Structure formats: C-alpha cells, structure tokens
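Dear colleague,

Please find below the sequence and structure that I am handing over to you. My findings follow directly after it.

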Amino acid sequence: MNRSIHDIVNQKKQKKISAITSYDYTMASLCDEAGIDLILVGDSAGVVMLGYENTIPVKMRDMCLFTEAVNRATKNAVVVSDLPFRSYNNISQSINNSRRLIASGADAIKIEGGSQITNKIKAITGKGISVMGHIGLQPQTMIHEKRRIRGDTKTEAVSLIEDARLLEKSGVFCIILEMINYEVAKIITNSVEIPTIGIGSGSYCDGQILVIHDMLGLYDKVKFKFVKKYLSLSHDIINAIKMYKNEIEQNEFPSTSNCFSMKQTEYQKLKKLYGVN
Ligand code: KIV
C-alpha cells in the first residue's frame, strides 16, 4: 500500500503511527520493506551522516540530496523532509525551500517551532504543501541551552499546549513532540484532532519516532534515556571489519569461491605464451 498524508492523519485513534529517520537509499529501502508508516529525512543527518556536532551547519543542498536518495527507495512510506536551520527566515524563502524539498521527492516538509512560525506554516500550506510541526525540544534553537525535558512547569506546559493548537489551526497535518513530559504530551494529544508523534514524550502520543542510528546502535556517541536500542550494530560492524582485515592479512580472503577463472584451454595457451608452469 502506498501511504498518503491522509492515511497518516486518519490513523489517529485507530492505529499507532510508526516513524523513523533515514537519509540514504539502503536504510530507507529496509525501513520501507519493514512496513514503517513514515520516514523522516531529519536534519539529524547533520550529526549522524555528516559528522557535525549539531544540526546548525546542515544546508538545503544536503537535505535535497538525502531526500532524493530516500525517495528513490520508498514505495510505501510517507516521506517527510526537514527544513534546515536558517532555510525559513522569511515567507518567500520558506515557500521556495519547501518547494525544493517536495521537488526532491518529499511528500511533506517539517519545520521546527510554535506560535512564532505560524505565518510561515500558513504560507507554505497555502501553496498546497503538507507541513509537519515540531515542538518541545527544538534542536535548531537549543544550541546554547542545556538539553532538558520540556513541560516541567504549568506555565511551560500551557505554552506547549497552546503552540500545538496554533499549529493545528495553521494547517499542519501532524506534530512531532520532542522530549516533553508524558503528562503534557497526553493533554496535547487529546487537545488536537491531528496526530502527535513523540520522541522522548511517552506512550500517549499517536505515534513514535526515533533516529535510526540510535535505535540500531550505530551511533553511540550520545545516549538518551528515551532511545531503545534494538541492535548494537556499531559493535557488530567493527567486529566484521576486524575479521575482514585479519582474513586479508592471513590470505584467507578471497578464497577460490570469491574468484573468477578463465577457461582451462585458454589458460594453458596463456601459460605457454609466457613460459609459466
Ligand atoms: O532531525 C530529526 O531527526 C528530528 C527527529 C529527532 C524528530 O527532527
């Protein structure tokens, strides 16, 4: 089944939404084959794919390249692509860059922020582009802040709930809730008609998302309480590469089963020509 934005919206209250990030063809193919509902080409690519300390240096050209690769791999999942830092400074830039991501193969774009960006969201949706919101911890604006859970106080919780309502009114089809206390995420989820997708925001959200490198244990530099590691791939990959190196050094790889050989009659003629035994 080729999922659409409508299918994601209609999933609220029917079936939890499964979402995951991907940035390249191979991973996206595997996620799609596993039946994931939504693939986010997140700007977390800056950290896990490009080796930056945070998402700030990510450029539109990076996001377009990753989106094109994911789009080539995806037959069923909905593909959403992040507008990176400083790619939505004003309304016309927001619209132009959203169009670039859609032209690269995204079904929708994601933009970080609450009440301060509703005018941009209205402008983008006004051009017929589907938008996913993102509130709570917003990696693009927390560079100088400590990474902390959102919604600890009534005041902050109310502001998050109001932001979610405003985003819904602005036309987003779904909202990412990042690192929000589960009680607040529950109220938000019950206050809006559109689905919420949580990351570190508890089980009351309508769906869940994780960064693929975190859940596969591929990127171990930072550890978050909310990440469940389903594999320890970095460990397995290092072991496999060590075995490979060792087999090369011991002349065990390649074996005859990994080699190509010419016809014996031709080989005999060749040996004769060069005087080889
Ligand atoms: O960039 C990203 O991967 C994200 C997710 C963490 C939601 O925004």
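Which residues does isoleucine 188 touch, leaving aside those up to four places away in sequence? Please bear in mind that the model is a predicted one. Isoleucine 188 is in contact with Ile135, Leu160, Ile161, Ala164, Leu177, Ile180 and Thr196.

Isoleucine 188 also belongs to the largest nonpolar core, a set of 53 residues in which Ile111 and Ile188 have the most contacts. Helix α4, which spans residues 60–73, supplies six residues to this core, the largest share. There is also a second, separate core of 16 residues, with Ile17, Ala108, Phe173 and Ile176 among them.

Threonine 74 lies in the loop between α4 and β3 (78–82). Its relative accessibility is 14%, so threonine 74 counts as buried, the limit for that class being under 20%. The side chain of threonine 74 comes to 2.6 Å from the backbone oxygen of valine 70. Apart from residues up to four places away in sequence, threonine 74 touches Ala28, Asp32, Ile39 and Val79.

On the surface, a nonpolar patch is formed by Met262, Tyr267, Leu270, Leu273, Tyr274 and Val276, which together have about 620 Å² of accessible area. One of these residues, leucine 270, sits in helix α11 (residues 264–274). Leucine 270 is classed as partly exposed because its relative accessible area is 37%, a value in the range between 20% and 50% that defines this class.

With kind regards

Technical notes. Residues are numbered from 1 along each chain as its sequence is written. This is a predicted model: local features need pLDDT of at least 70, side-chain atom pairs count only at pLDDT 80 or more; totals for chains, interfaces and linings use all residues. Side-chain values use heavy atoms; hydrogens and water are left out. Patches are made of residues with over 30% relative accessible area and no salt bridge: like charges are joined within 9 Å, nonpolar side chains (Val, Leu, Ile, Met, Phe, Trp, Tyr) within 5 Å. Accessible areas come from the Shrake-Rupley method with a 1.4 Å probe; for residues, only the protein chains shown count as cover. A salt bridge is a side-chain nitrogen of Lys or Arg within 4 Å of a carboxyl oxygen of Asp or Glu. Helices (H or I, at least four residues) and strands (E, at least two) are DSSP runs, numbered from the N terminus. Buried means under 20% relative accessible area, exposed over 50%, partly exposed in between (1.4 Å probe, protein chains only). A nonpolar core is a set of buried Ala, Val, Leu, Ile, Met, Phe, Trp, Tyr and Cys residues joined through side-chain atoms within 4.5 Å. Contact means heavy atoms within 4.5 Å. A polar contact is a pair of N or O atoms within 3.5 Å; within protein, one must be able to donate a hydrogen and the other to accept it, and residues adjacent in sequence count only if both atoms are side-chain atoms.
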